[in-house]
Amino acid sequence: MTLRTAQETLKLYFGYDSFRPMQAEIIEAVYAGRDALVLMPTGGGKSVCFQIPAITLPGACIVVSPLISLMKDQVEGLREAGVRAAYLNSSIDAGTAQQVEDAFFKGQLDLLYVSPEKLLSADFMPLLRRAAINLFAIDEAHCISSWGHDFRPEYTQLRFLRREFPTIAIIALTATADKATRRDIAQQLTLSDPAVFVSSFDRPNIRLEVRPGQKRVEQILDFLKSRRNQSGIVYCLSRKGAEDLAARLSQRGFPAMPYHAGLTDRQRAKTQEDFINDKVPVVCATVAFGMGIDKSNVRWVIHYNLPKNMEGYYQEIGRSGRDGTTAEALLFYSYQDVAVLEDILRQGTSDQVELQLSKLERMKQYAEALTCRRRILLSYFGEHLGENCGNCDVCRNPPQYFDGTVLAQKALSAIARLSEAVPAGIVAEVLRGSGRREIIDRGYDRIKTYGAGRDLPQNEWLYYIQQLVHLGYAEPAAEEHYALKLTANGRKVLFEDEKVQFARFISIKERKATEKEAAKKQEPQGQRRRVRDELFEVLRKLRQQVALQQGVPPYVVFSDATLEEMAALRPRNREEFRSISGVGEMKLERYGSTFLQAIEEFS
Ligand code: ADP
Ligand code: ZN
């Protein structure tokens with residue numbers, strides 16, 4: 001089998017003109033009969049790597065997948081594209097299972113998705129031995145590793161595949177990249193000299209942004225205003241937080257549903273389904289949400305609170321923008337969030353508290369960073385970006401530095417006069433001359449720096465105090481409720497006139513103004529963009545209708561990326577329609593005339 005055939009198949013079924021980085025090499029390795037281990041981020045395009053060999057080689061590919069909901073999704077997507085695919089797991093009835101098995105046995109399938117339980121079951125084995133198989137694909141292969149986070153005991157039994165089918169290649173795929181997991185996968189599956197592919201974990205289409213966590217609900221409402229019909233997830237720390245936020249957003253005209261472990265299975269399934277089918281745009285969820293859904297048009301992810309570690313953060317933001325078109329990840333950060341999380345970790349029973357605290361520390365550094373965030377994120381995962389990304393808030397709005405020595409002296413002096421016994425919030429309040437009961441009762445209004453910083457709002461003071469910590473002038477003592485201590489360098493600022501550079505604080509108001517300004521600058525293309533956006537909206541609605549008729553999720557009909565290209569290029573005939581990325585032959589036949597007509601009517 002040649003790469004040429006693979007490429008033609010890619011266009012024919014999936015509608016794409018070229019392979020993404022690594023896909024071609026991986027497919028070649030499979031064609032050469034080699035075992036392969038593929039590490040690619042979510043949305044990187046792993047599936048194509050086994051789907052193309054599955055379609056082009058004689059026989060069927062067995063895909064082992066631990067997530068039943070994902071299986072259904074993938075099979076629906078493949079069928080839409082005209083690929084002969086089916087699945088077997090505990091969710092389907094005996095009659096249907098029989099039909100699938102018959103089709104498989106008669107060679108009428110290109111791909112058969114199975115759960116590990118099914119694969120290992122006694123009745124499936126004889127069938128497996130008699131049918132023609134061209135490849136075993138082990139999806140979410142990290143589940144085999146007890147190192148990883150989703151360990152599945154059944155997965156460890158998959159080693160029988162190599163033993164029973166020594167001549168059939170195995171391809172293992174995962175988005176979890178650490179070395180221990182990688183080694184485990186190869187060993188457990190007894191892969192023989194596998195070709196290993198580790199792609200970049202960068203997701204350049206996801207814009208990264210961190211904002212101070214003040215008035216979060218207001219900020220989210222504001223964010224939603226210009227993203228009305230986009231799908232997005234807000235990750236919240238608690239069930240109650242998720243409930244409250246969903247209610248408040250809904251009240252203000254932005255339909256949102258909660259999702260957390262306290263709801264019934266039925267409620268959760270309904271939320272997930274409505275989200276997948278674009279019936280509800282926003283889900284406010286605790287961490288569990290998003291696993292095992294394949295929705296490619298999640299346009300944004302918001303973290304209402306700081307995540308516990310970079311692994312979790314990256315996994316969650318990675319649920320946006322899987323179709324490769326623009327996506328946004330917005331994280332709210334406050335000093336208090338860190339304190340809360342630290343308390344939770346310390347109270348936990350885990351024997352790995354220290355490790356977890358150090359992971360939290362890295363997360364905090366990311367949130368407080370004044371250099372390109374993507375570089376920090378990728379370097380955490382051992383990857384080094386040669387230059388600044390240009391698509392994070394720091395790159396887009398580089399900090400402006402000023403001589404903050406006087407401000408630093410005021411804050412450090414307040415810390416000293418408060419006997420290094422209070423946390424940042426109270427230091428800021430004292431500087432602001434707060435009349436709050438606790439401040440007065442404790443006599444903080446009688447220290448010399450009380451009210452010395454009335455001219456700045458609380459948030460701004462917190463921002464500078466945070467920088468003092470970052471720069472090593474002050475240090476919160478975790479075991480004393482984060483009371484701030486002066487460091488040796490901090491004393492130098494107080495007593496030896498050491499200079500301090502601060503990054504300037506940008507208020508929400510100011511941020512909005514710059515955003516408006518930036519939008520105005522793009523105005524010349526504005527007219528064209530508006531027309532394109534209107535057409536996109538028309539096509540989006542049409543997609544939803546079509547999806548409803550077909551009984552599949554809208555993104556299975558066409559991805560957002562494909563609709564965007566349609567709206568921008570406005571194809572006028574079948575040939576032009578076929579040239580759109582994401583339009584394969586099946587889609588052209590099924591939907592070409594409907595969408596062409598809508599585009600013509602719009603023009
Ligand atoms: P993963 O399994 O790695 O999370 P998928 O296989 O689901 O990723 O692919 C993510 C998205 O990228 C899908 O919408 C898929 O159709 C699209 N895609 C895959 N390969 C290509 C390609 N060569 N060109 C354009 N889009 C692609
Ligand atoms: Zn950047």
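Visitor: Could you take me to the ligand: how far does a backbone N or O atom of glycine 44 lie from an oxygen atom of ligand 1?

Guide: Happy to. A backbone N or O atom of glycine 44 is 3.4 Å away from an oxygen atom of ligand 1, which makes the pair a polar contact (N or O atoms within 3.5 Å; within protein, one must be able to donate a hydrogen and the other to accept it, and residues adjacent in sequence count only if both atoms are side-chain atoms).

Before we go on, a word on what you are seeing: this is a predicted model, in which local features need pLDDT of at least 70 and side-chain atom pairs count only at pLDDT 80 or more, while totals for chains, interfaces and linings use all residues. Residues are numbered from 1 along each chain as its sequence is written, chains are lettered from A and ligands numbered from 1 in the order in which they are written, and side-chain values use heavy atoms, with hydrogens and water left out.

Arginine 322 has a side-chain N or O atom 2.8 Å from an oxygen atom of the ligand, and a polar side-chain atom of arginine 20 is 3.1 Å from an oxygen atom of ligand 1. On its own, ligand 1 has 560 Å² of accessible area (Shrake-Rupley method, 1.4 Å probe), and the protein covers 84% of that.

Now step back to the whole shell. Ligand 1 is surrounded by 14 residues, each with a heavy atom within 4 Å of the ligand. Tyr16, Gly43, Lys46, Ser47 and Arg322 are the closest. Sorted by class, the shell holds seven polar, four nonpolar and three charged residues. Here Ala, Val, Leu, Ile, Met, Phe, Trp, Tyr, Cys and Pro count as nonpolar, Asp, Glu, Lys and Arg as charged, and the others, Gly among them, as polar.

Charged side chains also pair up elsewhere. The whole structure has 41 salt bridges, each a side-chain nitrogen of Lys or Arg within 4 Å of a carboxyl oxygen of Asp or Glu. In one of them, arginine 574 meets glutamate 589, with the closest N and O atoms 2.9 Å apart. Arginine 574 belongs to helix 27 (residues 574–578) and glutamate 589 to helix 28 (residues 585–602), so this pair ties together parts 15 residues apart in sequence. Helices here are DSSP runs (H or I, at least four residues), numbered from the N terminus. Another salt bridge joins arginine 578 and glutamate 575 (2.4 Å, N to O).

Technical notes
Helices (H or I, at least four residues) and strands (E, at least two) are DSSP runs, numbered from the N terminus.
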